[in-house]
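Please walk me through this model, beginning with the ligand and its surroundings and then turning to the pockets.

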Amino acid sequence: MSILETRHQLWPDEAACASSAAALAQRPGIHLAFIELRGPLGAGKTTFVRHLLHALGVTGRVKSPTYAVMEPYELPGRTPSHKAWHFDFYRFNDPQEWEDAGFRDVFASPGLKLAEWPDKAAGLLPVADLQIAIEPQQGEQRSAEITAHTALGRSLL
Ligand SMILES: Nc1ncnc2c1ncn2[C@@H]1O[C@H](COP(=O)(O)OP(=O)(O)OP(=O)(O)O)[C@@H](O)[C@H]1O
Ligand SMILES: [Mg+2]
């Protein structure tokens, strides 16, 4: 996967994670992006997704899709409304589910796709526009490395 550009961020606390997500939400084209979130358990992947979806106008609860693997959302404010899907592939181990659960169809349709633990679905996922790698530091501090792999991804940086 080619790397077009990388940005490094330091988030001293969750509020900084939220501002980074809010800035990303402002980018034109975000509603068409495929974004992978990497980092260890408890790094803040779901937290970033939650802040991003809320900044995009989702009002309901944004829960971790660990058991469902995929949570669908509607992004309000446009007609027809844009769609978003949040995946957590941590427990994904049956490639047949890719077809059965309709994930192939999701990745073939326009919308925002966010995926935690993408390595567990390697070989099935398309090239990510952005990869966000979150590493816990001291306390609430996190480092985030945001890498663009496509022209769309670069425009989101
Ligand atoms: N700077 C920060 N950025 C993001 N989250 C933070 C930060 N500081 C503390 N947190 C807390 O860290 C926790 C991160 O949990 P979260 O569920 O987002 O992790 P995750 O990466 O999705 O883990 P998993 O791999 O289990 O899905 C949350 O409780 C969040 O409030
Ligand atoms: Mg998570």
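This is a predicted model: local features need pLDDT of at least 70, side-chain atom pairs count only at pLDDT 80 or more; totals for chains, interfaces and linings use all residues.

Residues are numbered from 1 along each chain as its sequence is written, chains are lettered from A and ligands numbered from 1 in the order in which they are written, and side-chain values use heavy atoms, with hydrogens and water left out.

Ligand 1 has 17 residues around it, and those that come nearest are Glu-14, Lys-45, Thr-46, Thr-47 and Glu-140. A residue counts as near when one of its heavy atoms lies within 4 Å of the molecule. By class, this shell holds 7 charged, 6 nonpolar and 4 polar residues; Asp, Glu, Lys and Arg count as charged, Ala, Val, Leu, Ile, Met, Phe, Trp, Tyr, Cys and Pro as nonpolar, and the others, Gly among them, as polar. Both α1 (14-25) and α2 (45-55) supply at least two shell residues each, and α2 gives the largest share, 3 residues. Helices (H or I, at least four residues) and strands (E, at least two) are DSSP runs, numbered from the N terminus.

A pocket is an open set of points on a 1 Å grid over the protein atoms alone, where a 1.4 Å probe fits, with protein on both sides within 12 Å along at least five of seven lines; lining residues have an atom within 4 Å of a point. The volume of the largest pocket is about 330 Å³. Its lining has 20 residues, and Gly-42, Ala-43, Gly-44, Lys-45 and Thr-47 lie nearest its centre. Here too α2 contributes the largest share, 3 residues.

The second largest pocket has a volume of about 150 Å³. Its lining includes Arg-7, Phe-48 and Leu-130, and comprises 8 nonpolar, 2 polar and 2 charged residues. At least two lining residues come from each of β1 (5-11), α1 and β6 (130-136), and α1 gives the most, 3 residues.

Definitions and conventions
Grid points are joined across faces, edges and corners, and a volume is the space filled by probe spheres set on the points.
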